[in-house]
Amino acid sequence: MSGVSGGVSGGVSGGGRDEHEVVFVRGDEEWRAHARAGEGLFAVARACGAPVETLCHGMGACVRCKLVVLEGTLTPPTPLERDRLGNIFHLTGERLCCQARVTGPARLELPRPRARRAPTGGLAGGR
Ligand code: FES
């Protein structure tokens with residue numbers, strides 16, 4: 001159990017001494033979780049209902065899970081992440097949610113949802 005809780009504007013619960021508050025924000029919405037150091041950020045986001053986009057289900061291939069670190073730190077970018085994003089993450093704060101792990105409290109900005117495609121070009125099962 002990850003100790004993750006929350007939902008849109010949900011309250012914070014849990015929060016043992018080894019857990020860190022991780023907040024995902026998108027506009028006026030936010031999703032809060034408590035996670036231990038080393039927990040995968042993608043799983044933390046999923047568990048608290050944060051709407052992280054994905055086409056590759058966390059394999060590091062689609063780059064749809066990109067987010068921006070507003071506050072706090074995560075594990076250093078993996079070689080795969082550097083390959084996908086380049087080395088400008090120091091300037092942009094962009095990271096791949098599926099590659100990063102929790103190291104401490106963090107506040108992370110999710111991108112606004114992409115515009116829907118025309119009905120003939122949509123993805124199966126997409127929202
Ligand atoms: S979920 Fe596809 S790159 Fe992260």
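The side chain of Glu30 makes a polar contact with the side chain of Arg32, at 2.6 Å. This value, like the others in this report, comes from a predicted model. Glu30 belongs to strand β2, which covers residues 29–36. The C-alpha atom of Glu30 lies 9.8 Å from that of Gly49, although 19 residues separate the two along the chain. Glu30 has a relative accessible area of 18%, and it is therefore classed as buried, the cut-off being under 20%.

A polar atom of the Glu81 side chain lies 2.8 Å from the backbone nitrogen of Leu96. Leaving aside residues up to four places away in sequence, Glu81 touches Gly86, Arg95, Leu96 and Gln99.

The two residues may be set out together by accessible area.

| Residue | Relative accessible area |
|---|---|
| Glu30 | 18% |

Strand β3 (residues 66–74) and strand β4 (residues 94–96) run antiparallel and are joined by three bridges. Strand β3 also pairs with strand β5 (residues 102–109), again in the antiparallel sense, over five bridges. Within that pairing, Val69 has Leu108 of β5 as its bridge partner.

Technical notes: Residues are numbered from 1 along each chain as its sequence is written. This is a predicted model: local features need pLDDT of at least 70, side-chain atom pairs count only at pLDDT 80 or more; totals for chains, interfaces and linings use all residues. Side-chain values use heavy atoms; hydrogens and water are left out. A polar contact is a pair of N or O atoms within 3.5 Å; within protein, one must be able to donate a hydrogen and the other to accept it, and residues adjacent in sequence count only if both atoms are side-chain atoms. Contact means heavy atoms within 4.5 Å. Two strands pair if DSSP finds at least two bridges between them. Helices (H or I, at least four residues) and strands (E, at least two) are DSSP runs, numbered from the N terminus. Buried means under 20% relative accessible area, exposed over 50%, partly exposed in between (1.4 Å probe, protein chains only).
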